[in-house]
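Here is a short report on one protein chain. Please keep the sequence and the structure in view while reading.

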Amino acid sequence: MLVHLYGFLEGDVLGRVIVVDSAQTVLGLAEQLQAWARDLYPCPTAAPTVTNEQGVLLEPASTLTDAGLSAGDIFHVRGTHL
């Protein structure tokens, strides 16, 4: 099922809206967000950390559904510019 999420890279002031399949992994979501920000973060890390709105660390191999992310949720990607 497609869901829209609001993603923030470390250091971002404005988030990005992403529409993705809920079966995608948390790591795939982080990589997608980093790929869209090559101008800001030309050297993304291979192992970013992803947290939900409450700051809970999400398991990279989990699907978005298993990680508890659903439509309209906010997530943060850290470690994008080491």
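Is Asp73 buried or exposed, and why? Asp73 counts as buried because its relative accessibility is 17%, and the cut-off for buried is under 20%. The model is predicted, and the sections below start from the overall fold and come back to this residue.

## Overall fold

From the N terminus on, the order is β-β-α-β-β. The chain has 82 residues, and 38% of them are buried.

Among contacts with a separation of 6 or more, 62% join residues 24 or more positions apart. The chain exposes about 4600 Å², and carbon and sulfur atoms supply 59% of that area.

## Strand β1 and its partners

Strand β1 covers residues 2–9. Four bridges join β1 to β4, and here the strands run parallel.

Individual residues show both pairings. Leu5 stands opposite Ile18 in β2. Gly7 has Phe75 in β4 as its bridge partner. The hairpin of β1 and β2 has six residues between the strands. Gly11 in this hairpin takes a positive phi near 90°.

Side chains alternate along β1. Val3, Leu5, Gly7 and Leu9 point to one face and are buried.

Leu2 lies in strand β1. Why does Leu2 count as exposed? Its relative accessibility is 61%, and the cut-off for exposed is over 50%. Leu2 also belongs to a nonpolar surface patch of about 390 Å², together with Tyr6, Val17 and Val19. Strands β1 (2–9) and β2 (16–21) are the elements that give two or more residues to this patch.

## Helix α1

Helix α1 spans residues 26–35. Its buried residues are Val26, Gly28, Leu29, Ala30, Leu33 and Gln34. What do these residues pack against? They pack against β1, β2, β3 (49–52) and β4 (74–78).

## The loop between β3 and β4

Two buried residues are worth a look here. Ser62 is found in the loop between β3 and β4. Ser62 is buried because its relative accessible area is 18%, where the cut-off is under 20%. Leaving aside neighbours within four places in sequence, Ser62 is in contact with Gln24, Thr25, Val26 and Ala67. One of these, Val26, is among the buried residues of α1.

Asp73 is found in the loop between β3 and β4 as well. Which residues does Asp73 touch, not counting those up to four places away in sequence? They are His4, Leu5, Tyr6, Glu53 and Gly68. The C-alpha atoms of Asp73 and His4 are separated by 7.7 Å, although the two residues are 69 residues apart along the chain.

How values were computed
Residues are numbered from 1 along each chain as its sequence is written. This is a predicted model: local features need pLDDT of at least 70, side-chain atom pairs count only at pLDDT 80 or more; totals for chains, interfaces and linings use all residues. Side-chain values use heavy atoms; hydrogens and water are left out. Patches are made of residues with over 30% relative accessible area and no salt bridge: like charges are joined within 9 Å, nonpolar side chains (Val, Leu, Ile, Met, Phe, Trp, Tyr) within 5 Å. Accessible areas come from the Shrake-Rupley method with a 1.4 Å probe; for residues, only the protein chains shown count as cover. A salt bridge is a side-chain nitrogen of Lys or Arg within 4 Å of a carboxyl oxygen of Asp or Glu. Buried means under 20% relative accessible area, exposed over 50%, partly exposed in between (1.4 Å probe, protein chains only). Contact means heavy atoms within 4.5 Å. Two strands pair if DSSP finds at least two bridges between them.
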